[in-house]
Amino acid sequence: MTEDTNSCYYQVQDNEVEIFNFAKAHNLPILIKGPTGCGKTRFVEYMAHNLGRELVTVSCHDDLTAADLLGRHLVSSDGTFWQDGPLTRAVRHGGICYLDEIIEARKDTTVVLHSLSDHRRELHLERTGEVIKAHKDFMLVVSYNPGYQNMMKGLKPSTRQRFVAMSFDYPSPENEANILVHEAGIKLELANTLVKLGADIRRLSDIDLKAAVSTRLLIYAAKMMSSGCHAQIACLHCIIEPLTDEPETIKALSKLVNAHF
C-alpha cells in the first residue's frame, strides 16, 4: 500500500497507520523505535499531513534543556515577557509535537513529559506557575534508534511505559525499490539493484560498521544516478563514505559495489 498525500509520500510497511489512528482517538502518546533512516520521521510527517495537524519537530541532543522545550523569560524594550517553547506551543494550540531521538535529550528534560503522557495531559510551567491542559488536538510522538542505546543513554522505564510503542525497520525489498523509484525517478531495475546492494551491506558481519546503510542513503545515491552520476561514484559518496572513515572498509565496500554495477 502506498500513501501519497500531495507532496508527502510514505510507503506503508505494516499496520502503523492504523495503530497511530487508534492511539490518536484516545489521546495516547506514541513511541517509535527503529534504525536511522528507516522512515520514522517521514511517517510522522505523513500522519500530520493526513490528519491536517501542525507538526512541531524538535531534534533532541545532549544540550537540550527543559527551557528549550517549555519556553523562557525574555527581555525587550518593554520589559520582561514569557515566550513559549515548541512543546508548550503545541500543547496550548494543538498539533503533533515530535521529539526526534528522544534518548539524546538529558533525563531531567524528559521528566517534563510525564504529566503530558498520562491521563492528566497537563504541562506544568514552574517558571510561571501555569498548568496548561493539553489542547484536544495535541499529540505527543517521540522516536529513537535502539541501536544507539547504552547504559548511559536510554529512556527510563517510568517514561517508556507511558507510550504506545511501535518498532520500525527498513522496508521490504519490494517496498524499498518502490520508494527509490518514487523519490528519485529511476527505473525499477536500477532501484532493485540498489536495494540488493543495501541488503548485502546490512548483512555484512566481518566489517565493523557503526550503522547499517539506510533507505535515506539509498535515495541519495538514486537521486545522484538519476542526474547522470556514474553508479560507482554515486555509491561511493552517498553510501560508502557516510558509513565509514576506514580505508580498508571503504575498499571492501567498493568491491561490493563493483559486483553489483
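1. Helix axes here are lines fitted to C-alpha atoms, over the stretch in contact, and angles run from 0 to 180 degrees between N-to-C directions. On that basis, α7 and α9 pack at about 45°, with axes 9 Å apart. The model is a predicted one.

2. The α7 and α9 crossing is right-handed. From α7, the contact draws on Glu176, Ile179, Leu180, Glu183 and Ala184. From α9 come Thr215, Leu218, Ile219, Ala222, Lys223 and Ser226. By class, this α7 with α9 contact holds 6 nonpolar, 2 polar and 3 charged residues.

3. α7 has another partner in helix α8, residues 188-202. Their angle is about 125°, and the axes are 8 Å apart. That angle makes α7 oblique to α8. The crossing of α7 with α8 is right-handed.

4. What does each helix bring to the contact of α7 with α8? α7 brings Pro173, Glu176, Ala177, Asn178, Leu180 and Val181. α8 brings Leu188, Ala191, Asn192, Leu194, Val195 and Arg202. The classes come to 8 nonpolar, 2 polar and 2 charged residues. Note Glu176 and Leu180: they meet α8, and they also take part in the contact with α9.

5. Turn to α1 (residues 16-25) and α2. Their axes come within 11 Å and cross at roughly 55°. This makes α1 oblique to α2. The crossing of α1 and α2 is right-handed.

6. On the α1 side of that pair, the residues in contact are Glu16, Val17, Phe20, Asn21 and Lys24. They meet Phe43, Tyr46, Met47 and Leu51 of α2.

7. Now the pockets. The largest pocket has a volume of about 490 Å³. Its lining counts 24 residues. Nearest the centre of the largest pocket lie Gly37, Cys38, Gly39, Arg42 and Arg216.

8. Which elements supply at least two residues each to the lining of the largest pocket? They are β2 (8-11), α2 (40-51), α7 (173-184) and α9 (215-226). α9 gives the most, with 5 residues. How does the lining of the largest pocket divide by class? The residues are 8 nonpolar, 7 polar and 9 charged.

9. A search of the whole structure finds 1 cavity of 30 Å³ or more. The largest cavity has a volume of about 50 Å³. Its lining is made by Asn27, Leu28, Pro29, Leu116, Ser117, Arg121, Phe138, Met139 and Leu140. By class, these divide into 6 nonpolar, 2 polar and 1 charged. Arg121 is one of the residues that line the largest cavity, and Arg counts as charged.

How values were computed. Residues are numbered from 1 along each chain as its sequence is written. This is a predicted model: local features need pLDDT of at least 70, side-chain atom pairs count only at pLDDT 80 or more; totals for chains, interfaces and linings use all residues. Side-chain values use heavy atoms; hydrogens and water are left out. On a 1 Å grid over the protein atoms alone, a cavity is a set of points where a 1.4 Å probe fits but cannot get out, and a pocket is an open set with protein on both sides within 12 Å along at least five of seven lines; lining residues have an atom within 4 Å of a point. Grid points are joined across faces, edges and corners, and a volume is the space filled by probe spheres set on the points. Helices (H or I, at least four residues) and strands (E, at least two) are DSSP runs, numbered from the N terminus. Angles under 35 degrees count as roughly parallel, over 145 as roughly antiparallel, 65 to 115 as roughly perpendicular and the rest as oblique. A crossing is left-handed if the near helix is turned anticlockwise from the far one by less than a right angle, and right-handed if clockwise. Contact means heavy atoms within 4.5 Å.
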